[in-house]
Amino acid sequence: HFARAAGLGDADGAFMLGVAYLNGAGLSPDAKEGLKFLKIAAGKGHGEASYQLALLYDGAALGKPDPKMALRYMTAAAKSGFPPAYAGMGLFAHRGDAPGVPADWFELAARSGEPQGALLYAVALSKGDGRKKDEAAALKIADLVIASAEAALDFCLKAIEKAGYRPGEDVYLALDCAATEFYKKGAYVYE
């Protein structure tokens, strides 16, 4: 279905086909085809496709990282209004790869409901990084993000139980915490 939609010029179809090629989901993995379809989707203004391309070019998945291409696609994703890209732009600005004040991007992400950006904004407030230091506001933001994450997990657990399964016995939950911002020079660096 994705191939047909992509062939008809549908940005969502091109994006999903690109992801399927990259992940080998129902298709033989093919990075070249995956990139091709992500670029088609990004060219049609698909924010998530631009964001994924930014992450691919920023990391080592395509070989040597290409900061210019990463910034180009992250900027496009942010301009399209894709909230995770606001946090991405803040991280790029923080490390000196993008213009602007990181806290401005993190605040925009937080106001868009993007949890990673909200937590980074809280960190900026708590350290006074690009904003007046405000520990109380930082803690309030962090508490809201944590509460919403806990509510999401509680919802999942209740749905599992409602379906007649036992969490931790029949069904397990796993969190895939993306940590691309920790990836530097071919390794994950936690400072």
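The model is predicted, and local features are reported only at pLDDT of at least 70, side-chain atom pairs only at pLDDT 80 or more, whereas totals for chains, interfaces and linings use all residues. Residues are numbered from 1 along each chain as its sequence is written, and side-chain values use heavy atoms, with hydrogens and water left out.

The protein chain contains 9 helices and 2 strands, where helices (H or I, at least four residues) and strands (E, at least two) are DSSP runs numbered from the N terminus. The order of the elements from the N terminus is α-α-α-α-α-α-α-α-α-β-β. Of its 191 residues, 34% are buried; this term denotes under 20% relative accessible area, with exposed meaning over 50% and partly exposed the range in between (1.4 Å probe, protein chains only). Among contacts (heavy atoms within 4.5 Å) with a separation of 6 or more, 31% in the protein chain join residues 24 or more positions apart.

Helix α4 has 12 residues and spans 16 Å from its first C-alpha to its last, close to the 16 Å expected at 1.5 Å a residue. The expected span is 1.5 Å times one less than the number of residues. Because 10 of its 12 residues are buried, α4 is largely enclosed by the rest of the structure. The buried residues of α4 are G47, A49, S50, Y51, L53, A54, L55, L56, Y57 and D58. Their cover includes α2, α3, α5 and α6 (83-94). D58, which lies in helix α4, counts as buried because its relative accessibility is 13%. When residues up to four places away in sequence are not counted, D58 touches P65, A70, F92 and R95.

The largest nonpolar core has 31 residues, and Y51, L53, Y73, M74 and A85 touch the most other members. A nonpolar core is here a set of buried Ala, Val, Leu, Ile, Met, Phe, Trp, Tyr and Cys residues joined through side-chain atoms within 4.5 Å. Helices α2, α3, α4, α5 and α6 each supply at least two residues of this core, and α4 gives the most, with 7 residues. Y51 is in contact with Y73, M74, A77, F82, P84 and A85, residues up to four places away in sequence not being counted.

A search of the whole structure gives 4 aromatic pairs. Rings of Phe, Tyr and Trp (its six-membered ring) pair if their centres lie within 6.5 Å; planes under 30 degrees apart count as stacked, over 60 as edge-to-face and the rest as tilted. One of the pairs is formed by Y21 and F37, stacked at 6.0 Å centre to centre with 10° between the planes. This pair links distant parts of the chain, with Y21 in helix α2 (residues 11-23) and F37 in helix α3 (residues 31-43), 16 residues apart. Y21 is buried at a relative accessible area of 19%, and F37 is buried at 13%. The rings of Y57 and Y73 also form a pair, which is stacked because the centres are 5.9 Å apart and the planes lie at 5°. The Y57 and Y73 pair likewise links distant parts of the chain, from helix α4 (residues 47-58) to helix α5 (residues 67-79), 16 residues apart. Both Y57 and Y73 are buried. The charged end of R72 sits over the ring of Y73, 5.0 Å from its centre; the criterion is NZ of Lys or CZ of Arg within 6 Å of the ring centre and within 35 degrees of the ring normal.

Two further sites involve α8. G130 is placed in the loop between α8 (115-127) and α9 (135-162), and is partly exposed at a relative accessible area of 41%. Its C-alpha is separated by 7.2 Å from that of P102, 28 residues apart along the chain. Leaving aside neighbours within four places in sequence, G130 is in contact with V101 and A103. A124 lies in helix α8 and counts as buried at 4% relative accessibility. A124 and D104 are 20 residues apart in sequence and 9.7 Å apart in space, C-alpha to C-alpha. Residues up to four places away in sequence not being counted, A124 touches A103 and D129.
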